[in-house]
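Subject: Structure for you to look at

Dear colleague,

Here is the structure, with the sequence alongside. My notes on what was found follow below it.

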Amino acid sequence: MKIIIIGEGKVGSTLVNHLSVEGHDITVIDNNPGVVEKIVDTYDVMGISGNGASYQILESAGVEKSDLVIAATNSDEINILACLISSKLGAKASVARVRNYEYNEQVEEMKQDLGISMTINPELETAYDILNIINFPEALRVDSFADGKVDLIELYIPDESPLIGEMLSSIRNVFRVKVLVCAVQRGDDVIIPTGDFIFRAKDKIHITSSRDNLKLFLNKLGLIENKIKDILIIGGGRISIYLAERLIKNRVNVKIIEKDFEQCKVLSDILPNAAVINGLESDHGLLEEEGIDHMDAVICLTGNDEENIIVSMYAHQRKVEKVIAKVDHSSFASILEEIGTATVVSPKEITANKIISYVRSMENVHGSNIVTLYKLVNNQVEAIEFIAKSSSKLLGVKIKDIKLKNNILIATIIRGSDVIIPSGMDEIAANDRVLIVTKGVYLDDLDDILE
């Protein structure tokens with residue numbers, strides 16, 4: 001596909017990183033010549049320096065022949081205008097990053113009236129991700145599929161876990177619950193496990209099933225669910241607003257610490273039921289004074305990765321049960337993940353996953369629709385939700401008789417309201433939603449899993 005990416009900030013650079021390895025013809029547009037030069041030197045892409053909302057710049061990028069324009073600058077207005085002009089000039093589809101809180105209610109109208117194929121709000125998507133994590137306080141990460149019918153969670157196996165020494169094939173009989181282990185991270189190795197795989201302490205495992213089955217499994221592992229009722233949010237930006245609104249609706253007590261006095265006034269107006277504190281977010285004395293020791297969760301959402309890491313480590317030291325931190329630099333994120341102090345969320349990665357899912361669906365107009373895509377384990381594993389079309393070669397074939405490519409797993413089949421953890425005798429039917437987990441294989445159609 002011919003893809004034009006406008007804006008080489010965090011989201012734009014992440015998209016170039018992911019999409020360039022998938023063989024797309026990519027042109028990058030950015031106002032900063034130095035940024036363009038660096039991205040062209042690093043990746044096999046074309047680069048143009050200039051305003052991405054300019055007719056002349058877009059024409060010089062060949063927008064009339066493009067399959068997709070992705071506008072991801074720091075300005076919502078430029079992103080919307082770039083998509084509008086691209087559509088007028090002949091681009092087949094366009095995606096705009098729209099972040100402004102005030103535009104949130106107008107998104108659907110904007111798409112229809114301006115010819116934008118997709119809008120994405122990184123802060124809102126991140127807030128939803130954090131809400132999923134709060135539903136599973138015991139998990140390091142939570143990804144949802146099939147409108148919440150299926151979850152895929154990441155768990156750390158501590159030294160005393162009853163999983164240690166168990167063989168994967170025996171899990172259902174030992175714990176009497178239907179779950180499926182999709183991937184295991186053991187040190188630097190990533191494994192799509194087979195039945196003879198044996199669990200060890202310090203493994204990180206990715207497990208999928210219905211939400212009820214997962215909660216039952218966690219309970220049998222001795223991980224007692226603690227209901228989160230009191231949350232301290234560090235930083236009062238857009239993510240905090242979206243998140244706090246939804247937490248308060250769920251009757252969670254929310255306290256926000258924000259260092260900017262003017263922003264505190266904005267927060268108090270938008271969130272009258274939240275306690276808003278003006279003060280330095282990393283001030284240990286203030287954190288103690290505001291009751292960090294009594295919080296069920298601390299969520300660090302400042303615009304500074306280092307500050308989020310420092311406060312996360314302090315919250316962990318104070319024995320807060322659930323700590324979540326926004327970290328965009330992958331090297332920083334690995335620090336927290338390695339020492340196990342916090343669940344890490346990255347708005348740029350969340351946004352990139354949504355857009356990559358859309359790109360894969362565009363590539364495959366006649367095959368199985370991609371509904372959801374997540375990249376796991378430092379982008380080494382993908383979990384993809386497909387809708388099985390009536391033309392699929394997989395329909396009516398028993399799972400045990402399907403010849404799969406290496407490092408591919410059929411993880412879950414969702415048929416209406418039923419969640420099926422597939423056995424060898426199960427079959428895929430038309431319109432099923434099928435969750436596939438793969439390592440090192442890029443899929444844009446369900447039938448691509450066949451050997």
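A residue is called buried here when its relative accessible area is under 20%. By that cut-off, five of the six residues of strand β2 (residues 25–30) are buried, so β2 is largely enclosed by the rest of the structure. Please keep in mind that this is a predicted model.

Strand β2 runs parallel to strand β1 (residues 2–6), and five bridges join the two. Within that pairing, I5 stands opposite V28 of β2.

Q185 lies in strand β9 (residues 180–186). Its relative accessibility is 17%, and because buried means under 20%, Q185 counts as buried. What does Q185 touch, once its neighbours within four places in sequence are set aside? The contacts are K202, D203, K204, V377 and N378.

Next, the open sheet. Six strands make it up, paired in parallel, in the order β14-β13-β12-β15-β16-β17. The edges are β14 (275–278) and β17 (343–345); each has a single partner strand, so one side of each is left without a neighbour in the sheet. On average, neighbouring strands of this sheet are turned by 20° against each other, direction ignored.

Inside the sheet, strand β12 (residues 230–234) and strand β15 (residues 297–300) run parallel and are joined by four bridges.

The last item is a pair of helices. Helix α6 (residues 122–135) and helix α9 (residues 238–249) have axes that come within 8 Å and cross at roughly 45°. That angle makes α6 oblique to α9. The crossing of α6 past α9 is right-handed.

Which residues meet there? From α6 they are E123, L124, T126, A127, Y128, I130, L131 and I134, and from α9 they are R238, I239, Y242, L243, R246 and L247. Sorted by class, this contact has ten nonpolar residues, one polar residue and three charged residues.

Regards

Methods:
Residues are numbered from 1 along each chain as its sequence is written. This is a predicted model: local features need pLDDT of at least 70, side-chain atom pairs count only at pLDDT 80 or more; totals for chains, interfaces and linings use all residues. Side-chain values use heavy atoms; hydrogens and water are left out. Two strands pair if DSSP finds at least two bridges between them. Axes are lines fitted to C-alpha atoms, for helices over the stretch in contact, and angles run from 0 to 180 degrees between N-to-C directions. Angles under 35 degrees count as roughly parallel, over 145 as roughly antiparallel, 65 to 115 as roughly perpendicular and the rest as oblique. A crossing is left-handed if the near helix is turned anticlockwise from the far one by less than a right angle, and right-handed if clockwise. Contact means heavy atoms within 4.5 Å. Ala, Val, Leu, Ile, Met, Phe, Trp, Tyr, Cys and Pro count as nonpolar, Asp, Glu, Lys and Arg as charged, and the others, Gly among them, as polar. Buried means under 20% relative accessible area, exposed over 50%, partly exposed in between (1.4 Å probe, protein chains only).
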